[in-house]
Amino acid sequence: MLMDGEIMSAVNVLNKEISNLDRIIHNIIGNMLLICQVSPKGKYEYINNTHYSILGYKPEDLVDKSMFEFIHPEDLVMVQTLFMTGLISGQFKPMKLRFRCNNKKYIYLESQGIVIYDDLGHVKGAVFVTRDITEHTMI
């Protein structure tokens, strides 16, 4: 049986490993791709550090907030529909949307996601990989 000190030690090691993994991912993809994990209700559970360089948000600014809070009002119904459809069908269609940055301006993003499941096969949420397409959209 684990004691409180052993549990805290294990949690600290795990947090360090997650931080190292995020650093490795950031070094591989640079400041190009946003990666996040959301709950089945669309609440952010994980945010990579690239969100700060592209959107101006630190991970702690977004974790536990709904991703839908940041979607442009004209895109919101479409994004909510595609999100729910993806969770039900098991796969997401690529989507283009406008997202509100920390400076209150909107940029164009293209996002592709996958559904993630727990050990019992129940939907646990989704992971999205997203890129800024603002320059391509403005042409």
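A search of the whole structure finds six aromatic pairs. Rings of Phe, Tyr and Trp (its six-membered ring) pair if their centres lie within 6.5 Å; planes under 30 degrees apart count as stacked, over 60 as edge-to-face and the rest as tilted. This is a predicted model, in which local features need pLDDT of at least 70, side-chain atom pairs count only at pLDDT 80 or more, and totals for chains, interfaces and linings use all residues. Residues are numbered from 1 along each chain as its sequence is written, and side-chain values use heavy atoms, with hydrogens and water left out.

## Aromatic rings

A pair of aromatic rings is described by the distance of the centres and the angle of the planes. Take Phe68 and Phe83. Their ring centres are 5.6 Å apart and their planes stand at 75°, an edge-to-face pair. Phe68 sits in the loop between α3 (59-62) and α4, while Phe83 is in helix α4, so the pair ties together parts 15 residues apart in sequence. Helices (H or I, at least four residues) and strands (E, at least two) are DSSP runs, numbered from the N terminus.

Phe68, Phe83, Phe92 and Phe128 form one aromatic cluster.

## The nonpolar core

In soluble globular proteins, nonpolar side chains tend to be buried together. Here the largest nonpolar core has 26 residues. Such a core is a set of buried Ala, Val, Leu, Ile, Met, Phe, Trp, Tyr and Cys residues joined through side-chain atoms within 4.5 Å. The residues with the most contacts inside this core are Val38, Tyr44, Leu55, Phe83, Phe99 and Phe128. Two or more core residues come from each of β1 (33-38), β2 (44-47), α2 (50-55), α4 (73-89), β3 (95-100), β4 (106-117) and β5 (123-132).

What does Phe128 contact, leaving aside its neighbours within four places in sequence? Its partners are Leu34, Ile35, Cys36, Val38, Phe83, Phe92, Met95, Ser111, Gln112 and Gly113. Contact means heavy atoms within 4.5 Å.

Ser39 lies in the loop between β1 and β2. Ser39 is buried, at 10% relative accessibility. Not counting residues up to four places away in sequence, Ser39 touches Glu45, Phe83, Lys124 and Gly125.

## Helix α4

Helix α4 has 17 residues. From first C-alpha to last, α4 reaches 25 Å, close to the 24 Å expected at 1.5 Å a residue. That expected span is 1.5 Å times one less than the number of residues.

The buried residues of α4 are Asp75, Val79, Phe83, Gly86 and Leu87. Seen down the axis of α4, these buried residues fall within an arc of 95°, so they line one face of the helix. The arc is that of the directions from the helix axis to the C-beta atoms. An α-helix has 3.6 residues a turn, so residues three or four places apart point the same way.

What covers the buried residues of α4 includes β1, β3, β4 and β5. On the other side of α4, Val77 and Ile88 are exposed. Gly90 follows α4, and its phi is positive, near 95°.

## Salt bridges

Side chains of opposite charge can pair when their charged atoms come close. A salt bridge is a side-chain nitrogen of Lys or Arg within 4 Å of a carboxyl oxygen of Asp or Glu. By this rule the count comes to three.

| Salt bridge | Closest N and O atoms |
|---|---|
| Arg98 and Glu74 | 3.3 Å |
| Asp75 and Arg98 | 2.9 Å |
| Glu110 and Arg131 | 2.9 Å |

Asp75 lies in helix α4 and Arg98 in strand β3, so their bridge ties together parts 23 residues apart in sequence. Both Asp75 and Arg98 are buried. Glu74, at 64% relative accessibility, is exposed.

The bridge of Glu110 and Arg131 links strand β4 with strand β5, across 21 residues. Glu110 is partly exposed at 22% relative accessibility, and Arg131 is partly exposed at 36%. Salt bridges that share partners join Glu74, Asp75 and Arg98 into one network.

Note on methods. Buried means under 20% relative accessible area, exposed over 50%, partly exposed in between (1.4 Å probe, protein chains only).
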